[in-house]
Amino acid sequence: MTELTQGKAWQNLEVHALKQRGRHLRELFGADARRFERFTFGLDDLFVDFSKQRVTGETMHLLHALAVETGVEAHRDSMFAGQHINTTENRAVLHVALRNRSGRPIYVDGTDVMPEVHAVLTRLDHFTREVRDGVWRGATGERVTDVVNIGIGGSDLGPAMVVDALWPYTRPELRTHFVSNVDDSHLARVLRDLEPERTLFVVASKTFTTEETMTNARSARDWLVTRLGEAAVGKHFVAVSTNAEAVGGFGIDHDRMFGFWDWVGGRYSLWSAIGLPIALGCGFDRFTQLLDGAHAMDEHFRTAPMDSNLPILMGLVGVWNRNFLGAVCQAILPYDQRLQRFAAYLQQADMESNGKSARRDGRRVDYTTGPIVWGEPGTNAQHSFFQLLHQGTELIPADFIVAARSGTALGDHHQRLLANFLAQTEALAFGKTPEEARHELEAQGFMGDELEALLPHKLFSGNQPTTSIIYDELTPYSLGRLIALYEHKIFVQGQIWGLNSFDQWGVELGKQLAKRILPALQGATVTDLPPATEGLLEVLKNRHI
């Protein structure tokens with residue numbers, strides 16, 4: 001056993017979980033008239049309701065003890081101090097420096113990184129305004145009407161999610177597109193309706209060697225050069241990278257290369273120059289408001305007491321659900337169509353961070369770690385997988401996220417959305433008892449054998465844990481704050497589980513094998529492939545790839 005599962009806090013929680021196993025949320029609310037008040041917390045207009053989680057005051061007390069025992073606050077302080085908490089890559093983890101609006105210095109290896117951060121932001125501001133104001137023009141003198149971001153992973157998911165969420169702040173005369181998949185249909189579909197004279201490409205790759213990104217970038221370059229000539233590359237491509245030599249070799253001027261640092265992880269990089277498409281699409285002022293919101297959450301996480309610290313509370317509740325109630329997954333359910341890509345973004349943020357079985361010290365865990373994260377916006381999700389949430393056999397904790405006000409008000413749409421938001425959390429928590437179902441069927445005229453046959457299908461066990469997250473309106477500021485809330489929640493859980501949440505070695509093996517297989521698909525002889533791969537390769541070759 002590891003020291004985590006041998007620790008007093010963990011063992012106390014295991015005993016407590018056995019005692020709590022049979023308790024229903026109906027009982028918990030019935031036993032405490034002030035339960036809603038006791039388990040709701042806030043930061044400005046952000047309101048977080050844990051009252052429909054299967055926790056008690058004792059549960060939270062024991063979870064706080066676990067956070068203390070595992071050094072959550074000390075590890076947090078190490079991150080903000082620029083220490084190399086990414087141990088396998090010997091790097092600091094300082095996405096918080098990218099949105100540090102306090103004027104406070106942040107040091108890495110004795111050097112204040114804030115002057116460099118501000119310098120890059122100034123360059124982003126200047127370039128963004130040039131493009132949006134029509135000062136920056138293409139090779140033929142035309143204004144830019146379409147920006148195509150070419151990246152993958154953190155260089156795509158974050159910016160794409162934010163631009164989608166903030167579309168009311170975009171301008172119809174400057175459209176933003178995202179290409180990530182090496183599947184040629186992705187790039188082909190985006191390019192189909194674009195005019196090269198009016199298109200600006202942003203190639204986002206720290207090393208400028210990422211296979212999918214560079215394959216797409218080279219094809220986009222060929223598309224442009226075929227139509228406008230080689231000399232046009234410098235007027236239609238910019239780079240977000242640190243590899244000046246490769247960027248120059250591609251044909252991009254170094255003054256159109258925007259850099260960032262090795263202490264910026266890919267899935268935490270939208271706050272850096274990787275956010276250039278956000279600034280281009282929504283305006284640099286909106287981008288800084290996004291940073292402001294994230295910084296507000298950073299300061300809350302850094303300074304708030306544990307018993308009211310939102311990221312710590314969310315992380316602890318998640319550990320309770322995962323390790324002591326046995327939940328395998330976590331549903332993300334934004335009741336906001338503008339957050340339609342939020343669950344996909346959190347899939348990388350959470351599963352790439354904490355989807356690990358090796359601790360920081362190299363030992364294998366003897367407990368479960370990161371959950372499977374999935375979800376879709378409501379109300380679409382209600383007509384998709386909610387059947388399983390309500391009457392399936394799995395315990396599925398869910399986060400419900402909604403704005404109190406719509407930023408795009410039409411009739412009574414938002415009231416209907418809010419009604420569904422409230423109804424679903426109530427139904428998941430409290431369900432429908434046999435007595436309630438029987439009474440309802442009798443009121444509908446059912447009786448006798450017909451009623452008894454239908455009754456089992458009308459039962460809802462409830463007791464599905466949910467967290468409700470409410471804010472006034474989805475703005476750049478509130479979105480930045482929401483993203484940072486989840487970033488820090490993931491950090492808290494990784495620390496409790498003893499993981500390095502900032503590397504991603506699990507993505508490497510498939511990349512290595514793909515490089516070995518590619519020559520065989522291109523006609524070369526490759527002799528060291530396993531029979532299973534050779535068999536599939538022959539199937540593909542026989543179909544004239």
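Phe80 is buried, at 12% relative accessibility; buried means under 20% relative accessible area, exposed over 50%, and partly exposed in between (1.4 Å probe, protein chains only). The model is predicted: local features need pLDDT of at least 70, side-chain atom pairs count only at pLDDT 80 or more, and totals for chains, interfaces and linings use all residues. Residues are numbered from 1 along each chain as its sequence is written, and side-chain values use heavy atoms, with hydrogens and water left out. Helices (H or I, at least four residues) and strands (E, at least two) are DSSP runs, numbered from the N terminus.

**Aromatic pairs**

- A pair of aromatic rings is described by the distance of the centres and the angle of the planes.
- Rings of Phe, Tyr and Trp (its six-membered ring) pair if their centres lie within 6.5 Å; planes under 30 degrees apart count as stacked, over 60 as edge-to-face and the rest as tilted.
- The count by this rule is 25 aromatic pairs.
- Phe80 and Phe301 form a tilted pair, because their ring centres are 6.4 Å apart and their planes stand at 50 degrees.
- Phe80 belongs to helix H6 and Phe301 to helix H15 (residues 284-303), so this pair ties together parts that are 221 residues apart in sequence.
- Phe301 is buried too, at 0% relative accessibility.
- Phe237 and Phe250 have ring centres 5.3 Å apart and planes at 65 degrees, so that pair is edge-to-face.
- Phe237 sits in strand E8 (residues 237-240) and Phe250 in helix H13 (residues 244-250), 13 residues apart.
- Both Phe237 and Phe250 are buried.
- One aromatic cluster is formed by Tyr335, Trp374, Phe385, Phe386, Phe400 and Phe421.

**Helix H6 against H22**

- Axes are lines fitted to C-alpha atoms, for helices over the stretch in contact, and angles run from 0 to 180 degrees between N-to-C directions.
- H6 (residues 72-80) packs on H22 (residues 476-497) at about 120 degrees, with the axes 10 Å apart.
- H6 is therefore oblique to H22; angles under 35 degrees count as roughly parallel, over 145 as roughly antiparallel, 65 to 115 as roughly perpendicular and the rest as oblique.
- From H6, the contact uses Val72, His75, Arg76 and Met79; from H22, it uses His488, Phe491, Val492, Gln495 and Ile496.
- Contact means heavy atoms within 4.5 Å.
- The H6 and H22 contact residues divide into 5 nonpolar, 3 polar and 1 charged.
- Ala, Val, Leu, Ile, Met, Phe, Trp, Tyr, Cys and Pro count as nonpolar, Asp, Glu, Lys and Arg as charged, and the others, Gly among them, as polar.

**Val72 in H6**

- Val72 lies in helix H6 and is buried, with a relative accessible area of 1%.
- Its C-alpha is 6.0 Å from that of Gln495, although Val72 and Gln495 are 423 residues apart in sequence.
- Leaving out residues up to four places away in sequence, Val72 touches Ala67, Ile312, Phe491, Val492, Gln495 and Ile496.

**Helix H15 and its partners**

- The axes of H15 and helix H16 (residues 310-324) come within 7 Å and cross at roughly 75 degrees.
- H15 is therefore roughly perpendicular to H16.
- Met297, His300 and Phe301 of H15 meet Leu310, Pro311 and Ile312 of H16.
- The H15 and H16 contact residues comprise 5 nonpolar, 1 polar and no charged.
- Helix H8 (residues 114-132) and H15 have axes that come within 9 Å and cross at roughly 145 degrees.
- H8 brings Leu121, Leu124, Asp125, Thr128 and Arg129 to this contact, and H15 brings Phe284, Asp285, Phe287 and Leu291.
- The contact of H8 with H15 has 5 nonpolar, 1 polar and 3 charged residues.

**Backbone and loops**

- Most residues other than glycine have a negative phi, and most peptide bonds are trans.
- Gly378 and Thr379 are joined by a cis peptide bond, with omega about 15 degrees.
- Thr379 is in the loop between strand E11 (372-374) and helix H18 (386-391).
- Asn90 has a positive phi, near 50 degrees, and lies in the loop between H6 and helix H7 (95-98).
- Asn90 is exposed, at 55% relative accessibility.
- Asp109 has a positive phi, near 50 degrees, in the loop between strand E3 (107-108) and strand E4 (111-112).
- Asp109 is exposed, at 63% relative accessibility.
- Ser180 is in the loop between strand E6 (175-179) and helix H10 (184-192) and is buried, with a relative accessible area of 14%.
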